[in-house]
Amino acid sequence: DGDEPFHIRTYVLQCDGADPLTGRWSVLGQLQTPWDSFTLDSTSFVHRGVRYLCWAQQEPGIATNSNLYLAPLASPTTLAAPPARLTVPTLAWEVQGFKVAEGPAVLLRNDHVFITYSASATDARYCMGMLSARADADLMDPASWTKSPDPVFRTSVAHHVYGPGHNSFT
C-alpha cells in the first residue's frame, strides 16, 4: 500500500527440493508475533538443540523505529514462547536520524553467542552494534546479554568507509 510504506511484515518461504536453485518455492505464511507492526530482518539459528529466531520489530508503546527480539520457534511461522526484547536503541550512536536496531546476524564462537545488528539511519551514520551472551546462559533472559557501548563498525572517513551497517557473516 503506497499510503503505508512501512507496513512491512515478515513472511516465510519454503522450498520443495533439496537444491534451492532448482526447487520450487512457495509462501508458507506470515511470521506470527505478538504485535501486528513493522517487522523485518529475521535470522534463524540453532543453539543447544533449540531453533531460535531473532528479528527487528516496532513494538507498540516504545518510541523507536525497531528493537531486536528473540524467541524459540515452534514452527517456521510460530513462536514457541513470548519473545524476549534483547535491545532497544538508546545509545547516541544507535539513534542518529532514526532509533533503529535491525539486521541481526548471529555468530556462535568461543563459548559465546554474538548478535551484531545495524543502528541509526541508513546513510553514513549507519553502523553496527553487538550483543553478547555466554553460551551456557539463558538466551531468553535479556539480563544475559551485554550490549557493546560503542559500535563495532562505523563510518571511517580516513579509510573511505561510509555507513557499514546492514550485515551478515558467511
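Salt bridges come to six in this structure by the rule used here, namely a side-chain nitrogen of Lys or Arg within 4 Å of a carboxyl oxygen of Asp or Glu. This is a predicted model, where local features need pLDDT of at least 70, side-chain atom pairs count only at pLDDT 80 or more, and totals for chains, interfaces and linings use all residues. Residues are numbered from 1 along each chain as its sequence is written, and side-chain values use heavy atoms, with hydrogens and water left out.

Take Glu94 and Lys147. Their closest N and O atoms are 3.0 Å apart, in a salt bridge. This pair links distant parts of the chain, 53 residues apart: Glu94 sits in the loop between strand E7 (84–87) and strand E8 (101–109), and Lys147 in strand E11 (residues 146–147). Strands, marked E, are DSSP runs of at least two residues, numbered from the N terminus. Is Glu94 buried or exposed? Glu94 is buried, with a relative accessible area of 0%, whereas Lys147 is partly exposed at 23%. Buried means under 20% relative accessible area, exposed over 50%, and partly exposed in between, with a 1.4 Å probe and protein chains only.

Next, Arg125 and Asp123 form a salt bridge at 2.7 Å, N to O. Arg125 is partly exposed at 39%, and Asp123 is partly exposed at 35%. Asp136 and Arg134 form another, with the closest N and O atoms 3.5 Å apart. Here Asp136 counts as exposed, at 53%, while Arg134 is partly exposed at 46%.

Now the strands. An open sheet of four strands runs in the order E8-E9-E10-E11, with antiparallel pairing; two strands pair if DSSP finds at least two bridges between them. E8 and E11 are the edge strands, each pairing on one side only. Between E8 and strand E9 (residues 112–119) there are seven bridges, in the antiparallel sense. Leu107 stands opposite Phe114 in E9.

Last, the inside. A nonpolar core is a set of buried Ala, Val, Leu, Ile, Met, Phe, Trp, Tyr and Cys residues joined through side-chain atoms within 4.5 Å. Which residues touch the most other members of the largest nonpolar core? They are Leu70, Ile115, Leu139 and Trp145, out of 22 residues. E9 gives the largest share of this core, four residues. Leaving aside residues up to four places away in sequence, Leu70 touches residues including Phe45, Leu86, Leu139 and Trp145, where contact means heavy atoms within 4.5 Å.
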